[in-house]
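Visitor: I'd like to learn how to read a protein structure. Could you walk me through one?

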Amino acid sequence: MRGREMDFSKYTIGFGITGSFCTHEKIKKEIQRLVDLGATVIPVFSYQTQSLDTRFGKAADFMQEVAEMTGNKGLRTITEAEPIGPKGLLDVMVIAPCTGNSMAKLEAGITDTPVLMAHLRNNRPLVISISTNDALGINFKNIGKLMYMKNIYFVPFGQDDYAKKPSSMVAKTKWLPETIEEALRGRQIQPVLR
């Protein structure tokens with residue numbers, strides 16, 4: 001699959017962004033790549049992404065950059081995200097980065113953020129791009145349960161620093177477009193662990 005040009009011009013992609021702030025620069029590149037492939041990208045910002053300034057940057061600056069890239073200010077409240085599922089507004093929903101906190105809530109069916117509400121009742125593929133320090137810890141069970149659920153697909157992932165953070169795993173975001181393409185066909189891209 002790598003090397004051939006994909007055409008996403010007929011797809012509307014919801015792009016949920018949660019608080020793994022250290023990955024936001026990589027995520028912006030992937031959003032731009034999806035836009036360059038022709039996709040209509042609708043950002044959905046978690047409350048933490050909207051409000052927390054960190055050593056990785058200011059929340060308002062990040063959201064403005066994403067809005068400019070996509071041509072869409074994005075969804076910022078549960079109320080704004082709620083119609084996505086019932087109205088079938090998306091072809092696919094992506095959560096990137098997907099933190100351990102968001103994964104745990106997703107597995108438990110909790111929809112207390114715009115990102116999680118955007119997925120609810122969508123009945124379309126959900127692509128998860130994990131970024132969590134406890135993937136091989138307490139969140140390991142959540143990853144396993146989500147992998148077993150219908151319409152949920154994972155961007156390939158692996159340990160990012162096995163020596164200093166042995167439980168941490170992060171998605172290989174360069175595989176995001178291919179993962180989306182496979183998910184739209186109802187298939188999990190392989191191998192998942194890279």
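Predicted model: local features only at pLDDT ≥ 70, side-chain atom pairs only at ≥ 80, totals over all residues.

Visitor: Which residues touch the most other members of the largest nonpolar core?

Guide: The general idea is that in soluble globular proteins, nonpolar side chains tend to be buried together. A nonpolar core is a set of buried Ala, Val, Leu, Ile, Met, Phe, Trp, Tyr and Cys residues joined through side-chain atoms within 4.5 Å. "Buried" means under 20% relative accessible area, "exposed" over 50%, and "partly exposed" in between (1.4 Å probe, protein chains only). Here the largest core has 54 residues, and F15, L34, I128, F154 and I180 touch the most other members. Strand β3 (residues 92-98) gives the most to this core, with six residues. Helices (H or I, at least four residues) and strands (E, at least two) are DSSP runs, numbered from the N terminus.

Visitor: What is L34 in contact with?

Guide: Contact means heavy atoms within 4.5 Å. Setting aside neighbours within four places in sequence, L34 contacts F8, I13, F15, A39, V41, L176, P177 and I180.

Visitor: How do I read a pair of rings?

Guide: A pair of aromatic rings is described by the distance of the centres and the angle of the planes. Rings of Phe, Tyr and Trp (its six-membered ring) pair if their centres lie within 6.5 Å; planes under 30 degrees apart count as stacked, over 60 as edge-to-face and the rest as tilted. This structure holds two such pairs. F8 and Y11 are edge-to-face, 5.8 Å centre to centre with 90° between the planes. F154 and F157 are tilted, at 5.9 Å and 55°, and both of these residues are buried.

Visitor: And what about empty space?

Guide: Rolling a probe the size of a water molecule over the atoms shows where empty space is left. On a 1 Å grid over the protein atoms alone, a cavity is a set of points where a 1.4 Å probe fits but cannot get out, and a pocket is an open set with protein on both sides within 12 Å along at least five of seven lines; lining residues have an atom within 4 Å of a point. Grid points are joined across faces, edges and corners, and a volume is the space filled by probe spheres set on the points. The largest pocket has a volume of about 230 Å³. Of its 17 lining residues, L106, H119, L120, R121 and I152 are the closest to its centre.

Visitor: How many cavities of 30 Å³ or more are there?

Guide: There is one. The largest cavity holds about 40 Å³ of space, and β4 gives the most to its lining, with three residues.

Visitor: Is E30 buried or exposed?

Guide: E30 sits in helix α1 and counts as buried, because its relative accessibility is 9%. Beyond residues up to four places away in sequence, E30 touches T173, K174, L176 and P177.

Visitor: Where is G186 found?

Guide: G186 lies in the segment after α9 (176-184). At 48% relative accessibility, G186 is partly exposed.

Key. Residues numbered from 1 in each chain as written. Heavy atoms only, no water.
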